[in-house]
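This report covers selected features of one protein model. The sequence and structure come first, followed by notes grouped by topic.

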Amino acid sequence: MLLSAVAAMGAPPAAQFQEHTIATDLKGGYQVVAVDLNRDGKLDLIALASGMKELMWYENPGWQRHVLAGGFTQLINVAPVQADASGIPKLVVAHGFSMEAKRSLGIVSLLECQGDPAQPWKVSEIDRLPTSHRLRAADIDGSGKKVVVNAPLSGAETGGPDYRGHTPLVFYRPGEWKRELIGEENEGVVHGLGVFDWDGDGRDEILTASFVGIHLYKLGPGGKWTRTELTKANPSPWPKCGASEIAVGHLGKRRFLCSIEPWHGNEVVVYFEREEQWQRQVLDTGFVEGHTIQAAGLNGDGRDTIVAGQRGTGRSVYLYEAAGESGEKWTRRPLDEGGMAASSCVVADLNGDGRLDVACIGSATTNLKWYENLGPAQKPAPAR
């Protein structure tokens, strides 16, 4: 059900999209990543599918399919990191995943190009941490040298359905590839991981979404991390509490948080800071297994659009747009209604026209699509 917070009137001119299907055979499609893998200036798409043994990438603009490496089980996440001498990025991949820690190998591997990115890449194991689940690259110290953050789903001694216990958050420095602890204060399932320059100081901070809410991690003097609670998120009793996904957007100069709540939840939620508190506003309660959320300037009007997708019944991706900077009224419209069981979406300019496009990968729908941003629809000229 769509709540009254979403209004049908007063929306600005919105971008229109043309759907393009890239692949239809990605069993257990889980993550899509936009990155230039062949140094041609075009963003390619990595398609990670948990039910497949191969990690694939699709070459822009013709979307030819290439295999990065094979022999994997239960692929779960990939993060591009520093480029090698040729300018081709290295990739860190988490695989051997299970939601139950005692059955999860939690393998973390490094993939390195061997000259031709269209040929198989070298795979080297760098760590094993049960339930390794979300990987993101982050410039935590402002040096320009990114590390890879690893957020396991749960603690090594926990299990469903409650997942009671503390969950570690770690990172790896390229070249060393040794596990370093950020913190283990989070509890229960940690499903969302975001990297943002939160305070505009040229350094990335880390946002986590878990059973105990949304938290901000920041590297301080002496290599010490601080953890700040932004919101407890969904207030329901454990384990139906907290948040599952997290993104940061702006309406003009005003910043907001947006999330899927609770874990694999039914709610699309937005937060605005008022009197030093993040006020919760539920935009939608009709999702089934909400699994991805992004915020980006799709309309070119200074107001970010929320892109949210569900992978359960409904299998849809929706766009949420605010009519002004207050964030009091939002509209919802479909980007893909019924044809995309979205596990992951990414926003990027895929055709180089200066407009941000959307790409999504589907689990039950086993597909990969990109949605070309055509810009706002033009009003017909008045009759003379």
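This is a predicted model: local features need pLDDT of at least 70, side-chain atom pairs count only at pLDDT 80 or more; totals for chains, interfaces and linings use all residues.

Leu 91 has Leu 111 of S8 as its bridge partner.

These strands belong to an open sheet of four, ordered S6-S7-S8-S9, with antiparallel pairing. Strand S6 (77–83) and strand S9 (122–128) each have a single partner strand, so one side of each edge strand is left without a neighbour in the sheet. On average, neighbouring strands of the sheet are turned by 25° against each other, direction ignored.

## The disulfide

The structure holds one disulfide. Cys 345 and Cys 360 form this link, with an S to S distance of 2.1 Å. The link is right-handed, with 105° about the S-S bond. Cys 345 lies in strand S26 and Cys 360 in strand S27 (residues 357–362), so the bond ties together parts 15 residues apart in sequence.

Both ends are buried: the relative accessible area is 3% for Cys 345 and 0% for Cys 360. Cys 258 is in no disulfide, and the nearest cysteine sulfur, that of Cys 345, is 12 Å away. Cys 258 is also buried, at 0% relative accessible area. Cys 113 counts as buried at 10% relative accessibility.

## Surroundings of Ser 343

Ser 343 is found in strand S26 (residues 342–348) and is buried, with a relative accessible area of 3%. Its side chain reaches the backbone oxygen of Gly 29 at 3.2 Å. Residues touched by Ser 343 include Tyr 30, His 291, Arg 311 and Ile 361.

Note on methods:
Residues are numbered from 1 along each chain as its sequence is written. Side-chain values use heavy atoms; hydrogens and water are left out. Two strands pair if DSSP finds at least two bridges between them. Helices (H or I, at least four residues) and strands (E, at least two) are DSSP runs, numbered from the N terminus. Axes are lines fitted to C-alpha atoms, for helices over the stretch in contact, and angles run from 0 to 180 degrees between N-to-C directions. Buried means under 20% relative accessible area, exposed over 50%, partly exposed in between (1.4 Å probe, protein chains only). A polar contact is a pair of N or O atoms within 3.5 Å; within protein, one must be able to donate a hydrogen and the other to accept it, and residues adjacent in sequence count only if both atoms are side-chain atoms. Contact means heavy atoms within 4.5 Å. A disulfide is a pair of cysteine sulfur atoms within 2.5 Å. Lists of a residue's contacts leave out its neighbours within four places in sequence.
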